[in-house]
Amino acid sequence: MTQKILVLPGDGIGPEITAQASRILAACQARGLDVEVEEALVGGAAYDAHGEPLPAETLQKAKEARAILLGAVGGPKWDTLEDLSKRPEKGLLGLRKNLGLFGNLRPAILYPQLASASSLKPEVVSGLDIMIVRELTGGIYFGQPRGIEERDGERVGYNTYVYSESEIERIGRVAFEMASKRSKKLCSVDKANVLEVTILWREVMERLAPEYPDVDLSHMYVDNAAMQLVRAPKQFDVMVTGNMFGDILSDAAAMLTGSIGMLPSASLNESGQGMYEPCHGSAPDIAGQNIANPLATILSVAMMLRYSLDAPALAARIEAAVGEVLDDGLRTADITADGVMTVSTAAMGDAVLAAFERQ
Ligand code: NAD
């Protein structure tokens with residue numbers, strides 16, 4: 001059955017990088033991938049055209065799509081909008097919420113060709129391949145009650161860190177299944193020495209473990225996990241954690257690779273519908289100059305093929321093509337040690353496409 005894919009270029013460098021990723025998607029179609037690709041507006045671009053960062057038409061198309069490829073949203077043009085509900089980021093949050101995208105997969109892979117781009121010693125990071133599974137729709141970012149109010153003559157701010165057993169269980173299953181397909185090591189990160197909510201988190205992970213006898217489950221407190229990520233990151237394979245800890249740890253892990261322009265991500269719901277996007281933002285400082293790195297977005301297409309479209313062979317082909325262009329020394333400025341690029345955005349897209357066809 002033909003599956004629908006929605007491409008949302010967004011703002012800043014979004015249109016430039018999704019254009020290159022869409023060419024790879026078209027090459028997959030030519031090789032038999034049975035998909036229908038549509039485009040729509042989101043973020044600042046949607047606000048400019050329709051007065052809303054997530055127009056009803058875009059949301060409807062997103063609901064009907066098996067997978068969404070998003071560039072990035074936001075930029076200084078919209079930072080001064082007084083009505084916060086109209087800010088570009090609300091478009092992204094609205095998509096996550098409406099589609100129930102609770103499982104965020106953030107790989108941190110260091111391509112050996114780029115080891116010198118990391119701020120850590122090459123021997124510490126070379127060969128790094130971590131998958132962080134972050135819960136995305138619950139925890140302290142969404143817990144109620146929350147607010148700032150007057151108490152005993154001064155203002156007090158508060159939030160609620162809450163997870164139900166079912167929320168922990170569904171993200172736990174995503175992580176256990178991911179671990180069983182990789183090196184069978186899963187580290188669950190919590191703060192069970194201080195926070196009751198993460199005592200429950202740990203209990204639920206332990207309860208799931210016998211269902212995945214091939215996976216070796218360990219637990220680590222979040223402060224230690226942060227330390228271990230920069231001390232000896234290669235000890236980790238799959239990590240699973242809540243929304244806030246995952247937000248922080250996945251950015252730290254991303255930076256181990258030294259190259260924000262290389263990192264894809266996926267956000268999935270219970271039916272395997274997913275939104276795929278690079279980890280970086282809309283980079284307004286370099287937008288429209290044909291110098292942005294499109295590889296994170298191209299690698300997001302590979303994740304889409306693997307996790308929503310059940311086409312792992314095409315995914316592997318894209319990843320191999322990216323490896324080949326790096327072997328050939330092609331670099332946008334963000335992945336060079338000296339900041340001097342050897343190819344433009346479009347030329348990088350050309351090279352990946354050519355390598356894909358050669359595979
Ligand atoms: P950013 O990731 O956009 O940029 C940080 C730095 O990295 C900039 O110097 C940028 O030029 C560079 N960079 C980012 N992606 C690159 C690429 N593909 N190739 C080469 N260089 C790249 O983060 P920021 O500057 O903090 O945010 C800019 C805007 O993006 C803001 O409006 C922010 O809200 C938004 N943002 C959006 C998302 C998203 O859509 N998911 C995520 C983060 C930030």
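**View 1. Residues around the ligand in the predicted model.** In this predicted model, 18 residues lie around the ligand, and those that come nearest are Val-73, Gly-281, Ala-283, Asp-285 and Asn-293.

View 2. The side chain of Asp-285 places an N or O atom 2.8 Å from an oxygen atom of the ligand. Glu-89 contributes a polar side-chain atom, which lies 3.0 Å from an oxygen atom of the ligand.

**View 3. The two domains of the chain.** Domain 1 is made of two stretches, 1-102 and 269-359, while domain 2 covers 108-260. A distance of 24 Å separates the C-alpha centres of domain 1 and domain 2.

**View 4. The interface between domain 1 and domain 2.** Where the domains touch, 16 residues of domain 1 are in contact with 15 residues of domain 2. About 1400 Å² of area is buried between domain 1 and domain 2, and carbon and sulfur atoms give 67% of this area. Five residue pairs are in polar contact across the interface. On the side of domain 1 that touches domain 2, the elements giving two or more residues are helix H11 (295-307) and helix H12 (312-327). The residues on this side of domain 1 comprise nine nonpolar, two polar and five charged.

**View 5. A salt bridge between the domains.** Side chains of opposite charge can pair when their charged atoms come close. Between domain 1 and domain 2 the count is one salt bridge. In the salt bridge of Glu-270 and Arg-170, the distance from N to O is 3.3 Å.

View 6. The whole structure has 22 salt bridges. One pairs Glu-357 with Arg-31, with the closest N and O atoms 2.7 Å apart. Glu-357 belongs to helix H13 (residues 345-358), whereas Arg-31 sits in the loop between helix H1 (14-30) and strand S2 (35-39).

**View 7. A cis peptide bond at Pro-145.** The peptide bond running from Gln-144 to Pro-145 is cis, and its omega is near 0°. Pro-145 is part of the loop between strand S5 (129-135) and strand S6 (147-151).

**View 8. A positive phi at Asp-152.** Although Asp-152 is not a glycine, its phi is positive, at about 50°. Asp-152 lies in the loop between S6 and strand S7 (154-158).

Technical notes:
Residues numbered from 1 in each chain as written. Predicted model: local features only at pLDDT ≥ 70, side-chain atom pairs only at ≥ 80, totals over all residues. Heavy atoms only, no water. Domains from an automatic or database assignment. Contact = heavy atoms within 4.5 Å. Buried area = accessible area lost by both parts, 1.4 Å probe. Salt bridge = Lys/Arg side-chain N within 4 Å of Asp/Glu carboxyl O. Polar contact = N/O pair within 3.5 Å; in protein donor to acceptor, adjacent residues only side chain to side chain. Helix = DSSP H or I, 4+ residues; strand = E, 2+ residues; numbered from the N terminus. Nonpolar A, V, L, I, M, F, W, Y, C, P; charged D, E, K, R; others polar. Near = heavy atom within 4 Å.
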